[in-house]
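Welcome, and please take a moment to look over the sequence and the 3D view. The notes that follow go through a few spots, topic by topic.

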Amino acid sequence: MEVLVEAIAELAALASPRGAERPLADRLVAWARHRWPDLGWTREGASLVARSGTEGSELLLYSHLDTSLSGDPVADSGATGRSTPIAPLTLSKDHASIAGFGLGVAKAPAAAAIIGYARAATLLRDTGQPHRLTLLLAGGGTHFSPFGGPALWPAERAGIDTYLSRHPRPAAAVVAKAGPDGILLAEPGAMFVRVRFTAPFVPVLARATATPDGGLLAHLGTAVHAVEQWRADHLAARADPTGAIAAEVGIGAVAGGLPGKPDLLPGRLDLHLYVVTLPGDDASSVADELRGRLDGLIPGTAVEVDAHLDHPAGATPPESPIARHAVAAWTVRHGAPPPAITGWKGSTDGAALRAYGVDTVRLGPAPRRDLDDPRRDVFAVADLVTYADLYADIAQRYAGTSL
């Protein structure tokens, strides 16, 4: 348990927003080399990579270093509603729980993955068992819309796509991410959509001459209501109460005008949507479907709808070796098979790995939000230990049958 808490402390020591993960990757490599000097720790770009063994089918144990929020309270306040400082990492007095920023996405599961990799690699080496095990904690592992404009932080090429462009594809993968109680063999995809309304801009003092009446922002409610109506129909067409995964849609950002010049009525209004996709969903169909609802909605405006499918939905066959080994490890640890999962809406790079043809399972502990500050996640330390053991067990089982 102590080394796991130490790993979490290392991961939480530095902010690592998307595009700024390199300092944390350097710190982790130095720490891990000191702890386990023979387990092949390196930094590739903004990612931590460790490799053990060269024989057999490769198993990739995957998580990521970046967080959805930057850790800067002011920069993040548009999403969190708070600009007060965030409390540092804290371990409860009885050492039963640990709380901090960024642990849910995804530093606590990443710490469990480090420990699981080290345990499995050490045992496989000490017993002389042929294996090929890789740990990847990627930079750029969180979703980022191509319609978001310049990134908040300088970008560095990283993530699973960059990694796989430089290395052979592994035979199988385990994604260490916080999630439901069980093993995810299927994950939905991720799509970004931008709805853009344009109209002539005029100064506020000439509002009476504006088109549409009152200016674009006076019609924001109309635009949002129409998107919400489309959302309801879109989800109803995909509803399946028995399905392992489910669709979802949300408007995550709205942009229009110049905050420093509110004396000018904006000539552009953008709605940014995140769409959780099911198999068969494609960007062009979603864009056409939504555009059909919005054309002519606001008189005197033009509307554009652009969609980008970041990762398609996908599933791993339950009879695949990695699925069978994950279920076996879970069953031994818990005394029963993993519970069935329905309606899961979270997409990770597990979807990307499946799109590359890599059989992938996802499993990880579930956090709870800190009641005093929802920007912090709380994990039971015993749960993290359990998942570190599971990752190690799956890796050992896979090595035993991968030749």
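Leaving aside neighbours within four places in sequence, arginine 27 is in contact with Glu10, Ala13 and Leu14, where contact means heavy atoms within 4.5 Å. This is a predicted model, in which local features need pLDDT of at least 70 and side-chain atom pairs count only at pLDDT 80 or more, while totals for chains, interfaces and linings use all residues. Residues are numbered from 1 along each chain as its sequence is written, and side-chain values use heavy atoms, with hydrogens and water left out.

**Arginine 27 and its helix**

- You will find arginine 27 in helix α2; helices (H or I, at least four residues) and strands (E, at least two) are DSSP runs, numbered from the N terminus.
- Arginine 27 has 35% relative accessibility, so it counts as partly exposed (buried is under 20% relative accessible area, exposed over 50%, and partly exposed in between, with a 1.4 Å probe and protein chains only).
- Between the C-alpha atoms of arginine 27 and alanine 13 there are 9.1 Å, and the two are 14 residues apart along the chain.

**How α1 meets α2**

- The axes of α1 (residues 2-12) and α2 (residues 22-35) come within 9 Å and cross at roughly 155°; axes are lines fitted to C-alpha atoms, for helices over the stretch in contact, and angles run from 0 to 180 degrees between N-to-C directions.
- That angle makes α1 roughly antiparallel to α2, because angles over 145 degrees count as roughly antiparallel, under 35 as roughly parallel, 65 to 115 as roughly perpendicular and the rest as oblique.
- On the α1 side, Val3, Glu6, Ala7, Glu10 and Leu11 take part, and they meet Leu24, Arg27, Leu28, Trp31 and Arg35 in α2.
- The residues of this contact divide into six nonpolar, no polar and four charged (Ala, Val, Leu, Ile, Met, Phe, Trp, Tyr, Cys and Pro count as nonpolar, Asp, Glu, Lys and Arg as charged, and the others, Gly among them, as polar).

**The nonpolar cores**

- The largest nonpolar core has 59 residues, of which Trp36, Trp41, Leu135 and Leu363 touch the most other members; such a core is a set of buried Ala, Val, Leu, Ile, Met, Phe, Trp, Tyr and Cys residues joined through side-chain atoms within 4.5 Å.
- Helix α4 (residues 103-126) gives the most to this core, with 12 residues.
- Apart from this core lies another, of 29 residues, including Ile245, Ala247, Leu290 and Val303.
- Beyond its neighbours within four places in sequence, tryptophan 41 is in contact with residues including Val29, Ala32, Trp36, Ile114 and Leu135.

**Backbone details**

- Most residues other than glycine have a negative phi, and most peptide bonds are trans.
- Histidine 95 is not a glycine, yet it has a positive phi of about 60°; its place is the loop between β4 (90-91) and β5 (97-101).
- The peptide bond from valine 105 to alanine 106 is cis, with omega near -10°, and alanine 106 is found in helix α4.
- Another cis peptide bond joins threonine 211 and proline 212, with omega about 0°; proline 212 sits in the loop between β9 (189-198) and α6 (220-236).

**Histidine 219**

- Histidine 219 also lies in the loop between β9 and α6.
- Is histidine 219 buried or exposed? Its relative accessible area is 17%, so histidine 219 is buried.
- Leaving aside neighbours within four places in sequence, histidine 219 is in contact with Pro212, Asp213 and Ile298.
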